[in-house]
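Morning, everyone. Please look at the screen, and have the sequence ready too. I will take it piece by piece.

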Amino acid sequence: MTPIAPSSLHVKRIGPILVPDCSRVLMRPFRPSTDDIARRVVARVMALSEAETGGLLGRVLGEFANRHQHVDAFFQKRFKQVEMYLEPGAQPSDERQMLIGAYFTHEYSIESAALFNPSIVPDPDQSGLPQGALRFILSLRATGEGHISSITFRTGTISAEGGISLTPPAPFVTEPERTLNVAYAKGLFAHKLEEAGVQNDFCRRVLDKLHEDFTLKELHAVLLASGLTDISDAKATRAARGILLLAESNYEVSFAPGSQVSQRVLFPSTPSQSNGIEDARFVRFQDDDGSFNYYATYTAYDGKIILPQMLETPDFVNFKFSMLNGPAVQNKGMALFPRKVNGQFAMLSRQDDENILIMFSKKIHIWSEPKLLVLPAQPWEFIKLGNCGSPIETEAGWLVLSHGVGAMRKYCLGAFLLDLNDPTRVVRRLREPLLCPNEAEREGYVPNVVYACGALLHGRQLIIPYAMSDSATSFATVSLDELLAAME
């Protein structure tokens with residue numbers, strides 16, 4: 001294949017542009033700063049007459065019922081979570097319970113600050129489409145008040161000609177329900193405790209009393225059992241906290257099956273995620289039996305520590321969150337290959353905050369021994385390199401979109417090609433950027449950035465959703481044949 005100059009690459013910005021929508025709001029628990037304040041709030045509501053209670057509740061419902069689904073049920077749920085602040089023996093009416101719940105609820109605008117870092121995969125449902133069209137699911141990092149990031153979704157179609165059509169998002173957004181009594185594998189659990197440096201005699205005593213597969217409820221019961229509650233020394237106290245933190249970081253959630261994909265929001269719900277679920281890189285993974293599942297690597301952030309983690313879904317209704325294990329689970333930007341390579345799972349990563357590395361594993365949740373794959377080589381990537389999502393399989397090799405950081409911390413997209421049978425070998429690479437921020441894209445929360453968390457091959461066209469300066473999202477496309485030919 002004869003190389004052509006990078007300038008002849010026809011990368012087309014095709015839109016549409018997705019901008020943050022402040023009207024997309026979740027109902028979230030509101031917590032006063034102290035328990036004493038919470039008790040006084042409840043006491044003030046309890047002092048209202050029934051007429052005042054009914055009138056005030058009616059005004060609240062009238063103002064917010066058209067902004068959310070099942071507002072009254074949410075208020076009742078919140079009351080159950082705060083009823084410990086009632087005076088002993090108090091028996092508020094149903095209306096008063098809902099009003100108390102309303103005082104402990106607030107709206108959170110999930111994407112008021114930014115809607116960016118997209119990833120794209122084929123929708124599990126491809127029925128009813130014109131010939132040559134593809135339905136997709138787009139995941140996005142939505143950032144709101146307090147710079148807290150969550151995962152939100154949009155759907156759309158790619159026409160046979162490569163045009164993008166987005167489905168208007170649902171008017172309501174919702175969080176999933178956590179699945180109770182999720183089972184934990186004791187062997188993997190013990191491995192992670194040891195890796196975290198909290199495995200000790202106390203942990204072994206706890207694990208010895210658990211089945212090979214155990215639930216969070218069973219773990220709580222064992223921790224409270226006789227002989228395991230006397231943990232006066234600091235090491236045992238730390239171990240007990242570590243056990244619970246690990247268990248609470250591995251969980252499953254489910255959305256209502258009839259909900260639209262664009263309604264669904266994965267909001268931080270564990271201590272390790274408390275400041276955000278960031279930069280999910282989704283991939284449609286083909287298992288050994290030919291079936292498909294969806295995985296995403298993401299960064300959990302608690303305000304101080306970043307932890308690469310994984311979620312899994314067969315249908316974008318049910319999601320399983322899991323911690324990743326092993327010494328190679330560090331930094332950001334882990335991206336799973338879409339199938340096993342030579343009988344092993346394969347992953348790109350960036351442990352050193354500078355280069356792209358590759359690693360292999362027999363087990364999808366345990367990673368070690370990363371190997372250096374690509375180093376910064378061109379001026380536009382002198383500061384560091386990272387991947388822009390999972391590798392894409394082509395007849396020429398594994399196509400990897402990358403991002404490089406150059407002078408003035410400017411982010412551009414690049415690309416390179418790995419050998420199909422030996423992906424530790426780079427066979428081609430773009431010398432010049434594939435996409436850089438233009439004048440319309442360089443202003444934003446973080447200026448001078450284009451960034452992606454996953455692209456999709458549709459026929460011979462590469463569809464690239466990309467973020468613009470950590471603020472909004474758009475789409476570009478490029479011919480696969482031109483891109484391959486432009487690589488040296």
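How many bridges join strand β15 to β16? Four bridges join β15 (residues 306–313) to β16, and the two strands run antiparallel. Some ground rules before I go on. This is a predicted model, where local features need pLDDT of at least 70 and side-chain atom pairs count only at pLDDT 80 or more, while totals for chains, interfaces and linings use all residues. Residues are numbered from 1 along each chain as its sequence is written, and side-chain values use heavy atoms, with hydrogens and water left out.

Now the terms for strands. Helices (H or I, at least four residues) and strands (E, at least two) are DSSP runs, numbered from the N terminus. Two strands pair if DSSP finds at least two bridges between them.

Back to β15 and β16. Glutamine 309 stands opposite methionine 323 in β16. The hairpin of these strands has four residues between them. There, phenylalanine 316 takes a positive phi near 65°. β16 has another partner. Strand β11 (residues 251–254) pairs with β16 (residues 318–323) in the antiparallel sense, over four bridges. In that pairing, valine 253 stands opposite phenylalanine 319.

Next, an open sheet. Four strands form it, in the order β17-β18-β19-β20, with antiparallel pairing. Which strands are at the edges? They are β17 and β20 (371–374), and each pairs on one side only. Inside the sheet, three bridges join β19 (residues 356–361) to β20. Leucine 357 stands opposite leucine 372 in β20.

On to the helices. Start with α2, residues 50–64. The expected span of a helix is 1.5 Å times one less than its number of residues. For the 15 residues of α2 that gives 21 Å, and the end C-alpha atoms are 21 Å apart, which agrees. Which residues of α2 are buried? Thr53, Leu57 and Val60 are. Buried means under 20% relative accessible area, exposed means over 50%, and partly exposed is in between (1.4 Å probe, protein chains only). Seen down the axis, the buried residues of α2 fall within an arc of 60°, so they line one face of the helix. The arc is that of the directions from the helix axis to the C-beta atoms. Here is the general point. An α-helix has 3.6 residues a turn, so residues three or four places apart point the same way. On the other side of α2, Ala51, Arg59, Gly62 and Glu63 are exposed. What covers the buried residues includes α1 (35–46), α3 (71–82) and α4 (94–103).

Now α3. This helix has twelve residues and reaches 17 Å from its first C-alpha to its last, close to the 16 Å expected. Its buried residues are Val71, Phe74, Phe75, Arg78, Phe79 and Val82. They cover an arc of only 145° around the axis, which puts them on the same side of α3. They pack against β2 (25–29), α2, α4 and β3 (105–109).

Rings next. Rings of Phe, Tyr and Trp (its six-membered ring) pair if their centres lie within 6.5 Å; planes under 30 degrees apart count as stacked, over 60 as edge-to-face and the rest as tilted. How many aromatic pairs does the whole structure hold? The search finds 19. Take phenylalanine 136 and phenylalanine 475. Their centres are 6.3 Å apart and their planes are at 55°, so the pair is tilted. Phenylalanine 136 lies in β5 (residues 134–143) and phenylalanine 475 in β29 (residues 472–479), so the pair ties together parts 339 residues apart in sequence. Both residues are buried.

Compare phenylalanine 337 and tryptophan 398. Their pair is edge-to-face, with 5.1 Å centre to centre and 75° between the planes. Phenylalanine 337 and tryptophan 398 are both buried. There is a cluster as well: ring pairs link Phe153, Phe255, Phe282, Tyr294, Phe316 and Phe319.

Last stop, lysine 192. Its place is in helix α5 (residues 186–195). Is lysine 192 buried or exposed? Lysine 192 is buried, with a relative accessible area of 13%. Leaving aside neighbours within four places in sequence, lysine 192 is in contact (heavy atoms within 4.5 Å) with Leu246, Met323, Leu324 and Asn325. That's my tour. Thanks.
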